[in-house]
Amino acid sequence: MSQTPRRRTAVNCSLLLVALAPGLAACGADGHPLAREPGEPTGPITLAGLAGDTRLADPADDLEVTAGGRARITDVTAVDESGRYVRGRLSADGHTWRSTVPLAARSAYTVDVATENDDGAPGRKRLTYRTSAAKAKKPMKVELGPGKGTYGVGQPLTVKLSRAVRTQAERAVVERGLKVDSTPRVEGAWYWVGGKELHYRPREYWPAGTRVRLESRLEGVKVREGVYAGASKPVELRIGDRIEAVTDASAHEMTVYRNGEQINTIPVTTGKSGFETRNGKKVVLEKQSLVRMTGDSIGVGGTSEDYDLEVSYATRVTWSGEYVHAAPWSVGSQGAANVSHGCTGMSTDDAAWFFKTVRPGDIVEVVNSYGEDMAPFGNGFGDWNLSWTKWQEGSSLTPGVRDGGGPSDANRLRPGV
């Protein structure tokens, strides 16, 4: 937050000589107030709600810094033990600074205050601000995903909350408390999938070999009145090779790529009329060596389309039951016709190879099908079917604003120009 600087009058050095007491150097490093090392402020610096740094403050209250006497605040940096910086706003007269984001419960804040007096002489003071436990009876759970392991380049990060968070202000609090680090670094953003879930993905697929760490810094943070976030364990994962499987439903063929190079072409069959396979990008959800598939699962039980099959090498790509799997009963149609109920079928040998090659997070894309488009959410990870522009619109933070991982212009004060 900026403030309007006071005008200072430039004084010629030679005119000061007559006014200086004997033994003082004119215009030297020790003579000009702006050249001095910051000392104690020329007025008291206090924190509202605390007495001598010994009392605990209610985390629901704002952190308020006040400068008295001749001191005016020029800069405030407040940070807790977890490295969370506190944004704030300075009053027009420079005497009061107040936090503009919720504080964490049971936390100690180091507050560095920079000041100056009427002559421009700098001052500096460090204070400690401690908050009490939250008054909420039960903290909001914050579940981070996926679990530890190696994933494909399309794997989104997920956060599930035990309570709904609906307003933009509340969602911004949650987003600022989530920290994503990756090596190499990538551009990414969060997207709210309803009030209790949000996903994080990069602008493009994760680079192969990336190491990712997701951490919640929300423990004890007030989301809204009576709702405070609980503790969460960080999640660390590694991204494997870039595996992409592209199925052309019209050509009845799947082409598989590893790190941009074609490694296999497989004849397949996809959904027949009335059961067309969804177009779009999907992410491998899980692999099951043997799955029982029945017509009841897609609403055709007891009809002429009913089936009950034990299926091998099943790679799931939607929660509604779309798989890539072995279909020995349709080998005669694979590469020539679409005869399935929506899954992508192939020979047992090809399915075994595919099952061994892919992992959760890998990309499975279907093109040239007459089916519906894959939904972005609700039936697996269709996150990559949204453009980057649309994805950013799902965040409660303005694109480009830092996520609270360190100080920014919004955290610190700067004199006006």
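**A lysine, then a sheet and its helix**

Guide: The side chains of Lys222 and Glu225 are joined by a polar contact of 3.1 Å. The model is a predicted one, and that distance is computed from its atoms. Lys222 belongs to strand 16, which covers residues 222–224. Is this lysine buried or exposed? Lys222 counts as buried because its relative accessibility is 14%, and the cut-off for buried is under 20%. Beyond its neighbours within four places in sequence, Lys222 is in contact with Ala60, Pro102, Leu103, Val173, Val227 and Tyr228.

Five strands form an open sheet in the order 21-20-19-27-22, and the pairing is mixed. Strand 21 (261–267) and strand 22 (280–283) are the edge strands; each has a single partner strand, so one side of each has no neighbour in the sheet. On average, neighbouring strands of this sheet are turned by 20° against each other, direction ignored. In general, the strands of a sheet pair through backbone hydrogen bonds, and the pairing is either parallel or antiparallel. Strand 22 pairs with strand 27 (residues 363–367) in the antiparallel sense, over 4 bridges. Within this part of the sheet, Gly280 stands opposite Val366 of strand 27.

Helix 3, residues 348–357, lies across strand 19 (243–248), strand 20 (253–258), strand 21 and strand 27. The helix runs at about 145° to strand 21. Which residues of helix 3 are buried? They are Ala351, Phe354, Phe355 and Thr357. Viewed down the helix axis, these buried residues fall within an arc of 165°, so they line one face of helix 3. As background, an α-helix has 3.6 residues a turn, so residues three or four places apart point the same way. Asp349 and Lys356, on the other side of helix 3, are exposed.

These parts can be set against the whole chain. The protein has 4 helices and 28 strands. Of its 417 residues, 46% are buried, and Lys222 counts as buried too. When contacts between residues at least 6 apart in sequence are considered, 68% of them join residues at least 24 apart. The protein exposes about 20,900 Å², of which carbon and sulfur atoms supply 48%.

Technical notes
Residues numbered from 1 in each chain as written. Predicted model: local features only at pLDDT ≥ 70, side-chain atom pairs only at ≥ 80, totals over all residues. Heavy atoms only, no water. Helix = DSSP H or I, 4+ residues; strand = E, 2+ residues; numbered from the N terminus. Buried < 20%, exposed > 50% of the residue type's maximum accessible area, 1.4 Å probe, protein only. Polar contact = N/O pair within 3.5 Å; in protein donor to acceptor, adjacent residues only side chain to side chain. Contact = heavy atoms within 4.5 Å. Pairing = 2+ DSSP bridges. Axes fitted to C-alpha atoms, helices over the stretch in contact; angles between N-to-C directions. Arc of directions from axis to C-beta. Areas by Shrake-Rupley, 256 points an atom, 1.4 Å probe, with all protein chains shown as cover.
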